[in-house]
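Here are a few notes to go with your first look at this one. Have the viewer open and follow along point by point.

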Amino acid sequence: MITRTPMATESQSDLALLGLMQLISPALPIGAFAFSQGLESAFELGWVRDEQSLAEWLSGVLEDGLTRCELPVLARLYAALEAEQADEIEIWDSWLAATRETAELASEDARLGAALKRLLQSLKLLKSEHLLPAEPGYVTLFACAAHLRGVGTRATLLGFAWAWLENQLAVACKALPLGHTSAQRVIEKLRPALSGAVDEALALDDDELGPILPGVALASALHETQYSRLFRS
């Protein structure tokens, strides 16, 4: 019987994949489940009512939001971490903070970033802390964690987009009459779009960046005074 010994590169690749799975797991203790990113308000306003309208909403947020904002900036942050360019990291972290159009969206980014930073510190993984701003946002910490785990740039972007989609569907399953099978159908519709969003994000120039999500901004602003709510945003 021949026993095959895994190559070192295979072991590194396995560990990187497992590190990415850990980072995007709903079990990651950073509190992402507490935020809906304006989606709960969209339910209340009747903009999102069922499986079809949910898929349309998420597709629009992906195309005009993540593709033009978080994903391309995530790639830039990853590259800056590789090159140990603290000034570049500061620039893009500040740029992301400036795109948060409501108090709730800004608070979400700051709280998730702080929680992920504490987690990485407790695991003794935050070896690039000297390169980071004093209070980095969530996207910056996600890039840092992926870089520390040896996850490639494209896989990092795909993982971030997947985590966003899963969280949004978890919100919908809690706040809408939407079953888990319906949520899986939405995933099937949007899986190709996630890959396409990463392709587009990686091809954008700096002057092409910037989210175009007036509906999300309005929903998030209205959510701040919504009478009854389950989520913080």
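1. Start with Phe142: at 0% relative accessibility, this residue counts as buried (buried means under 20% relative accessible area, exposed over 50%, partly exposed in between, with a 1.4 Å probe and protein chains only). Phe160 is buried too, at 8%.

2. A word on the source: this is a predicted model, where local features need pLDDT of at least 70 and side-chain atom pairs count only at pLDDT 80 or more, while totals for chains, interfaces and linings use all residues. Numbering runs from 1 along each chain as its sequence is written, and side-chain values use heavy atoms, with hydrogens and water left out.

3. Phe142 and Phe160 form an edge-to-face aromatic pair, 5.1 Å centre to centre with 90° between the planes (ring centres of Phe, Tyr or Trp, the latter by its six-membered ring, lie within 6.5 Å; planes under 30 degrees apart are stacked, over 60 edge-to-face, the rest tilted). Phe142 sits in helix α7 (residues 138-148) and Phe160 in helix α8, so the pair ties together parts 18 residues apart in sequence. Helices here are DSSP runs (H or I, at least four residues), numbered from the N terminus. Ring pairs also bring in Tyr138, giving a cluster of Tyr138, Phe142 and Phe160.

4. Which residues have the most contacts inside the largest nonpolar core? They are Leu54, Trp57, Leu58, Leu71 and Leu116, in a core of 72 residues (a set of buried Ala, Val, Leu, Ile, Met, Phe, Trp, Tyr and Cys joined through side-chain atoms within 4.5 Å). Helix α8 (residues 153-175) supplies the largest share of this core, nine residues. Leu71 touches Phe160, Leu157 and Ala197, among others (contact means heavy atoms within 4.5 Å).

5. Have a look at Thr67 as well, in the loop between α3 (51-66) and α4 (70-82). Thr67 is buried, with a relative accessible area of 2%. A polar atom of the Thr67 side chain lies 2.7 Å from the backbone oxygen of Leu62. Contacts of Thr67 include Pro72, Glu200 and Leu204.

6. Last, the largest pocket: its volume is about 780 Å³ (the space filled by probe spheres set on the grid points, which are joined across faces, edges and corners). A pocket is an open set of points on a 1 Å grid over the protein atoms alone, where a 1.4 Å probe fits, with protein on both sides within 12 Å along at least five of seven lines; lining residues have an atom within 4 Å of a point. Tyr138 is one of the residues closest to its centre, and α8 gives the most to the lining, with seven residues.

Note on methods
Helix = DSSP H or I, 4+ residues; strand = E, 2+ residues; numbered from the N terminus. Polar contact = N/O pair within 3.5 Å; in protein donor to acceptor, adjacent residues only side chain to side chain. Lists of a residue's contacts leave out its neighbours within four places in sequence.
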